Structure formats: C-alpha cells, structure tokens
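Work through the exercises below with the sequence and structure at hand. Each task is followed by its solution.

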Amino acid sequence: MDTSPPDPQLSALYQELILDHYRRPRNKGTLEQATHAVSLNNPLCGDEIDLQLRVDGDVIKEARFIGRGCSISQAAASMMTQLVKDKSIPQALALADRMGAMMQGDEGAARDKTLGELRALAGVSKFPVRIKCALLPWNALTDAVQPPRG
Amino acid sequence: MLDVARLRADFPLLAQRENGHPLVYLDNAATTQKPQVVLDAIADYYRTTNANVHRGAYDLAIRATEAYEAARAKLAAFVNAWAPEGVVFTRGTTEAINLVAGSYGRASVKAGDGVVVTAMDHHSNLVPWQILCQEKGATLRMVELTADGRIDLSDFGRALERRPKIVAFPYVSNALGTVNPVAQLTKLAHAVGAVVVVDGAQSTPHLKVDVQALDCDFYALSGHKMLGPMGSGALVARPELLEAMPPYHGGGEMISRVWDDHSSYNKIPHKFEAGTPNVEGAVGLAAAITYLERIGRERIAEHEQALAAAAIAKLTQIEGVTVYGPPGKSDRAGVVSFTYGDIHPHDIATILDQDGICIRAGHHCAQPLMRRLNVTATARASFYLYNGLDEVDALAGALVKAGALFGYVPA
C-alpha cells in the first residue's frame with residue numbers, strides 16, 4: 001500500500017481552515033428579511049447554493065446561504081458570507097473580481113489581505129476543474145446584486 | 001481472472017502516467033480505453049477505404065459501403081439481433097433512445113397514455129420520455145427501487161396495471177451496478193401490451209447479450225463503452241416495428257424518392273440513417289467486437305464480478321465507507337458506487353487523481369436515484385477487462401489517504 005505523505009498541492013488545497021468552514025459553515029441558514037436572493041447550481045457536479053442578502057442602501061448588512069456540495073464550494077460560501085458583511089455592493093463586486101483573479105493564479109490577488117480567509121483557497125487555482133466550485137458562491141453573489149440582463 | 005498484464009499491453013493509453021503515478025483507470029462506465037486494433041482499424045479505413053457510403057458507383061465507394069454493412073452484420077450477430085436491418089447505427093445510446101421516443105413514441109403515444117421508467121434510469125432513458133409525455137399529455141410513471149437497489153417488482157406490477165404503451169429500463173444500472181432481470185420484466189410488460197425499451201449502454205460491453213432471448217422490442221447501445229470509438233452506437237429493434245415507424249431525421253440516404261412537397265422513404269435501416277453516417281465509428285466498433293469476442297464476454301463478466309466483489313470487500317473495511325447497490329454477486333456488474341463519511345465525492349476524486357486514479361464523482365446522470373439514496377453525489381469506481389486486483393488495492397489505499405487528509409473521524 002502507498003504510504004507516501006500526501007501531495008503538497010493536496011495539503012495546500014485541503015487546509016485546516018477550509019475543512020473547518022466545510023464542517024462548521026458560518027452564516028448557514030435563511031434570512032427573514034432578505035432583499036436579494038439567488039439559487040445557483042453547478043449541473044456538472046450538483047453543487048448547490050441558495051444565497052440570501054439583506055442590503056440596506058448599497059451596503060450588504062447580512063449574507064446567509066444554504067448549500068450542498070464539496071468542501072471547496074461550501075467553505076468558499078461560508079468565508080464569503082463573512083467577508084461581504086458590511087461591504088458596499090461595489091466593494092463586494094471588487095472582491096468577486098479579486099477572487100476570480102486568485103483562481104486564475106494571480107499571485108498578487110493571493111496575497112491581497114482584503115480577501116481575508118479566502119486566501120486559503122489560493123491552492124484551488126492548481127486544480128482547474130475545481131475552480132468553478134470556489135467561484136459558485138461568488139457567482140451567486142454577483143447575480144444577486146447585479147441580475148444578468150437579457 | 002483474465003491475464004491483465006497481457007491485455008493492458010494492447011491499450012496504448014494505459015501505459016501513460018498520471019500525476020507521476022501509473023494510470024489506474026476506473027471510470028469505464030463513462031467510457032473505455034481503446035485497444036491498438038481499434039485505433040488501427042480506424043486509421044486503415046481512412047488510409048485505404050474512405051469514400052461516402054451507399055452512393056458511389058466506383059469500387060472505392062463500394063468497399064466503404066461493404067465495410068460499413070459488414071460492421072452492421074457483426075454488431076447484429078454480437079447481440080443476436082433479429083436481423084441486420086434491425087440495427088440502426090446512431091451516435092450512441094442517447095440518440096438511439098431519442099429515436100425510439102421521437103419516432104415510435106410520437107406515433108403511438110396519445111393523451112392519457114402511460115410510459116413507465118424506473119428510478120435507476122440514466123437521464124438518457126428518462127428525459128426523452130419526459131419530453132414525449134409533456135408533448136402528448138401522457139403520464140410518466142417512475143417505478144421505485146428496493147432498499148438494496150433493485151427494481152421493486154411489486155411497484156413495477158402496479159405501474160403495469162395502467163397498461164402503459166411503453167416500458168423503459170436499463171439492463172445494468174450505471175450508478176448502482178444492478179443487473180436487472182430483463183427477460184422477466186419484459187414478459188410482464190408484454191403481458192399488458194407494452195413495448196419494451198432496454199438501455200443496454202452498461203450491459204453490452206460486459207455481459208453476453210441476446211436481444212431475442214431477452215425478447216425486448218428496442219435495445220440501445222454505445223460503442224465507446226465497449227472499446228469502440230466515441231460517436232458510435234446503435235438501436236437494435238424488431239424489424240417489423242422499424243418498418244412501421246415514421247422517420248426520425250430527414251435528409252439524404254433516408255429517402256427513396258423526393259418530390260417538391262413530399263418524399264417516400266428508404267427501406268430499413270437506412271430510413272433512420274439520414275446524412276453521411278459515422279463509417280469510421282462503425283468500422284472501429286466492429287474491430288472492438290472482434291477483440292471482445294476473442295476474450296469472451298462470459299470471461300469478461302466473471303473478471304469484473306471478481307473485481308467488484310474485491311472492491312466491495314476492501315472498501316467496506318474502511319470505517320465510514322458506504323457502498324450502494326445490491327449486496328449479492330450474481331446480479332451486480334463491475335460498478336461500485338460509494339460515499340465516505342462527510343468527504344464529498346468530488347473531494348475524493350480530486351485526492352485520488354493525485355495518485356493517478358480516475359474515478360467518477362457526481363450524480364452519474366441519475367438525479368432521481370441520488371434523491372432516493374438521499375445523497376447529491378456518489379463516488380464510483382467501474383471496472384473493465386484491463387483492470388486488476390492491484391488497482392482495487394490502489395483505490396482502497398488512496399481512500400485511506402483521503403480519510404487522513406480530511407481528518408475523517410468515524411461518527
């Protein structure tokens with residue numbers, strides 16, 4: 001049997017912090033006074049998120065989610081709902097952009113303190129098929145505050 | 001067991017390394033690797049025989065047509081089809097079932113009629129029937145499963161009480177590995193006058209299939225799951241049903257005479273093969289059949305059952321692993337679906353991939369089944385003739401590593 005230590009890229013992917021958010025998600029549940037809501041799923045792998053926001057003016061006062069999926073998508077959702085609290089919508093959208101850049105392997109974004117705990121997800125950029133997992137909650141956020149036209 | 005080392009030498013891709021490890025390919029229910037003889041058959045066809053079929057008056061075109069029709073005869077014999085003209089080449093199982101739903105179904109199902117499927121059907125044997133029933137105002141009835149992943153025969157009987165027009169089910173479940181009692185189910189369905197459609201995507205590569213003994217009416221299969229090329233496959237049907245059915249796609253080849261405002265149609269199977277067919281696919285599939293026949297499907301089935309049994313034994317020893325599907329050996333093919341504690345199947349697949357092990361994670365195009373299992377996804381290892389017991393060991397070893405990485409603590 002292979003007893004070699006886990007691959008360093010895997011250890012970077014599944015850090016303690018990510019597993020902690022996966023197993024003890026923050027802001028999981030529903031909001032009574034949601035002003036924005038969106039449901040997204042990834043039809044390829046079945047990851048699901050229902051995101052709710054309470055926005056006052058242009059400030060996100062609260063964000064909660066219900067979701068089912070892998071550790072990456074669920075940890076990303078948990079971390080995101082913490083990070084965007086009390087951020088303005090333009091600030092939240094800017095964070096979504098930074099998150100996207102980090103997933104594309106942008107090292108500057110991976111060091112950007114404004115991404116907070118989400119920087120723990122930088123290792124996902126080495127696993128191209130998993131990037132969509134990390135971005136699922138951010139795509140939900142973008143859709144919620146900036147509904148797609150058309 | 002088969003001599004895996006010798007067989008593997010026939011498959012160039014299997015010599016490849018993945019992420020620095022020997023490739024352990026355990027996603028054969030999705031698609032299979034191709035032996036050199038199949039690759040050669042395709043290349044030789046283009047090097048020596050390529051021309052459009054059923055059209056040219058020149059010798060090269062005649063040879064291309066002969067190669068295409070020889071492939072049809074080969075496939076007909078392989079599944080003991082009613083006649084070679086009862087074999088319609090399609091892009092695969094999905095297109096074959098859509099052909100039945102779109103032609104036979106649209107002509108015979110009316111408002112208030114019933115169509116029966118099962119909770120273990122792949123989306124490709126469900127969605128075409130949903131579309132048909134929505135269009136016609138017909139009722140779609142899904143037969144439930146037993147707790148151990150078999151078709152619930154009492155619910156199947158209840159579904160038949162409404163005398164459905166069409167009954168569809170898989171021979172082998174792609175997500176559970178269950179081998180269904182097709183002949184028995186067909187007999188019950190025929191007794192109420194239904195036409196039976198069998199999804200043979202997961203059975204044709206692995207079991208000796210005799211459609212006349214099964215006595216079904218339509219049988220769909222995919223070439224790429226049985227060592228053949230992608231985009232090859234067939235609908236095998238009773239010729240008299242095909243004769244009576246309206247065309248599916250319109251175009252060249254499927255016509256007899258064309259006037260300004262209407263046409264008469266070619267004889268079967270050509271009536272259902274509009275446009276230039278996938279001759280390369282048919283030729284490659286014929287080579288795959290020759291290869292499979294040389295080994296023997298009874299031996300292949302036996303080999304895969306042994307691998308599945310070994311995998312189930314190893315995996316269930318790991319605390320926290322749940323294996324789905326029938327517990328027995330006799331009605332189970334080489335498909336092992338499982339979950340491991342709270343480690344999501346996608347995370348399992350990513351971790352195993354780093355050891356060069358390819359498994360499938362997801363809903364396996366069987367979302368109604370996943371709902372019934374109360375999971376969103378499972379991990380699935382599926383075996384073929386070139387897999388060995390060492391690969392079962394590699395799978396189990398990598399799972400233990402996944403558990404360690406996730407700090408999995410049994411509840």
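**Exercise 1.** How many salt bridges are there between chain A and chain B?

Solution. The model is predicted, so to speak of local features pLDDT of at least 70 is needed, side-chain atom pairs count only at pLDDT 80 or more, and totals for chains, interfaces and linings use all residues. Residues are numbered from 1 along each chain as its sequence is written, chains are lettered from A in the order in which they are written, and side-chain values use heavy atoms, without hydrogens and water.

Step 1. Apply the criterion: a side-chain nitrogen of Lys or Arg within 4 Å of a carboxyl oxygen of Asp or Glu.
Step 2. The count between the two chains is two.
Step 3. One example is A:R23 with B:D342, whose closest N and O atoms are 2.6 Å apart.

**Exercise 2.** Describe the area buried between chain A and chain B.

Solution. 
Step 1. Take the accessible area (1.4 Å probe) lost on being put together, summed over both parts.
Step 2. This comes to about 1,800 Å², and carbon and sulfur atoms give 55% of that area.
Step 3. The contact (heavy atoms within 4.5 Å) takes 25 residues from chain A and 18 residues from chain B.

Notes:
Buried area = accessible area lost by both parts, 1.4 Å probe.
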